Amino acid sequence: INAVHGETKTRGLRIDLAAHQDRVEQLAAIAQELHDLGYHDSANINAWCQRICDQWDRLGNLTQRRRKMLDDASQALERIDWLHLEFAKRSSPFCNWLESAIEDLQDMFIVHSVGEVQSLLDAHSEYKQTLPDAEQELNALQKLTHEVQQVCQQYNMPGASSNPYTTSSMAELSAKWGQMMGFIPQRESKLNKEYARQQNNERLRHQFAQKANVIGPWIERQMEALAAIGQSMSGTLEGQLKKVQQYEAAVHNYKPNIDELEEINQQVQENFVYDNPHTPYTMETLRVGWEQLLTCIARNINELENQILTREAKGITEAQLQEYRACFNHFDKKRTLQLEPKHFRACLVSLGYNIAEDRASQIEFERILKMVDPHKCGYVTFQAFLDFMTRQNAETESAGALIESFRTLADGKPYIMRENIVDNLPPDQAKYCLQLMPRYDKDNSPPGALDYVQFARKLMVRGMDDEL
C-alpha cells in the first residue's frame, strides 16, 4: 500500500515538473537575452538563473532515483506476494498431510494375527518411503520463507514478511515435522513388539491345535467304540464288560495328554488368544467330550453289571437277553440307550404285545409306562426295559402254572365247576376264587361254569398293580 501511495505521489510530482519545465527554460532564455543585450546586472541574473537550473537538475535526479527505488520496491513486493501465494498453496496440503500422519502414528491398533500386524508393518514401511519427498517439500517451503525474509531485509520491509494468504507458518510446519519424526520410531517399536507377541500367540495356537486335533478324534473314536459295544449283540455280557473295562484303563492312561493340553490352554488364555483357525476343537468342547466319555464308560459298566445280576437273579438265558437287546437297539435310533414312549410302544408291539390305538390299550400302555418310568423322565432305559421284560416272563410263567393247576382240577376242561374248587382248595382260597372268578359263557358250557383262564390272568395283572 505504501509503495502504491509513493508511486502516486511520484507520478504527481513528475506531472508538476513537466508543467514547470517550460518556465525554467523561459527563465534561462530571458537571462541569456539580458546577457546578450549587455544588461548591467546580468552577472547576478546569470548566477541566480544558474542556481535555479542546478536545483532543477538536482530535483530531476532525485525524482529519477525515487522513481527507480519505487519501481524496485514494487517489483520486490510483487516477488514477495508471489512467494507468499506459493507458500500458501503448497503449505496447506503439506500441513494436512503432516496432521494426518501424526494422527495415524498415534492411532491405537487391535490385531489378532500375525498377518494383521504384518499389514500394519508394510503400511508403515510404505509411509517411510514417502518421507524423502515430504522432506524435499519441507525444504522447498523453507526456501520460500527464507527468500521472503531476504527480500524484506534487502528493501527494509519488515511488515511484508507476514503472509496474508495462510495462517500456517514455517515455524508451525517445522514443529509438526519434528513431532512426526519423533512418533515414527515409537510406532515402529510398538508394531515390532506386537509382531513378536502375535508370533508367540501363533506358536501357542499351533501347539494347542496339534494336541487338540489328536485328542478330539481319539475321544470320538472311544465314544463310537463304546456305542458299538452297547449296540453289539455278539459275545457274552462278561466279555463285553471286559472290553469296556479295557477302554476304561486306556482312558485312564490317556489322562496325561488332557493335562498337557490344559497347560497349553492356560498359556493361551493368559495371552488372550480367543480364536484358533487351525483346529475345530476348543478346550471347553474337549472337556465336555472327556467327561461324557468317562460318564459313558461308567454307565456302560454299571449297566452291564446290572444285566449280569439281572440275568443271574431272574434266570433268563443269554439268548433271551440278546433278543431283548436287539429289539431295544432297533428302536434306539439315536443310540442313547434310551427309548422315548412312542419308540417303547413300538418295541413292545414288535415283541408281540397287543397295544392298539383304542382307549383300553392306551390305559394299559400308560400303566406299563408307570412301571418302567416311575419318575416320569420321559424315556425308558434299557435296564428298566429289561426289568419289565423279565418280570413279564416270570408272571407269564406263573400264570401258566396256575392255569395248568386249574385245568388239572377241571379234568382238562376249559372251565371249572364250583364243586371242583370247594372240594380241592382250602376254604379261604376257595372263597377267594369263587368271588373273583368270572363265568364261562362259551361252547354251551353248563350252568355255574367258571373261567379259570381269565381268573389267572387277572390275578397276575392285579399283582402287577399291587407292585405299582
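Predicted model: local features only at pLDDT ≥ 70, side-chain atom pairs only at ≥ 80, totals over all residues.
Student: What makes the chain more spread out than a compact globule?

Tutor: The chain, which has 14 helices and 2 strands, has a radius of gyration of 59 Å. The globule rule gives 23 Å for 468 residues, and the value for the chain is well over that, so the chain is more spread out than a compact globule. Along the principal axes, its C-alpha atoms fill a box of roughly 205 × 50 × 30 Å.

Student: Why is E194 called buried?

Tutor: Its relative accessible area is 13%, and buried means under 20%. The value for E194 falls under that cut-off, so the residue is classed as buried. E194 is located in helix α5, which covers residues 170–231. Residues up to four places away in sequence being left out, E194 touches F109, V111 and V117.

Student: How do you know whether V24 is buried or exposed?

Tutor: The same test applies. V24 has a relative accessible area of 12%, and the cut-off for buried is under 20%; therefore V24 is buried. This residue belongs to helix α1, residues 2–37.

Student: What makes C53 a contact of V24?

Tutor: Contact requires heavy atoms within 4.5 Å. Neighbours within four places in sequence aside, V24 is in contact with C53 and W56. The C-alpha atoms of V24 and C53 are separated by 7.2 Å, although the two residues lie 29 residues apart along the chain.

Student: How do contacts at such separations figure in the chain as a whole?

Tutor: Of the contacts with a separation of 6 or more, 76% are between residues 24 or more positions apart.

Student: Why is helix α9 described as roughly perpendicular to helix α10?

Tutor: Helix α9 (residues 341–350) and helix α10 (residues 359–372) pack at an angle of about 110 degrees, and their axes are 11 Å apart. Angles of 65 to 115 degrees count as roughly perpendicular, so α9 is roughly perpendicular to α10.

Student: Which residues make that contact, and how do they divide by class?

Tutor: Helix α9 contributes P341, F344, R345 and L348, while α10 contributes Q362, F365, I368, L369 and V372. By class, the contact has 7 nonpolar, 1 polar and 1 charged residues.

Technical notes. Residues numbered from 1 in each chain as written. Heavy atoms only, no water. Axes fitted to C-alpha atoms, helices over the stretch in contact; angles between N-to-C directions. Helix = DSSP H or I, 4+ residues; strand = E, 2+ residues; numbered from the N terminus. Parallel < 35°, antiparallel > 145°, perpendicular 65-115°, else oblique. Nonpolar A, V, L, I, M, F, W, Y, C, P; charged D, E, K, R; others polar. Rg over C-alpha atoms; globule rule 2.2 N^0.38 Å. Buried < 20%, exposed > 50% of the residue type's maximum accessible area, 1.4 Å probe, protein only.
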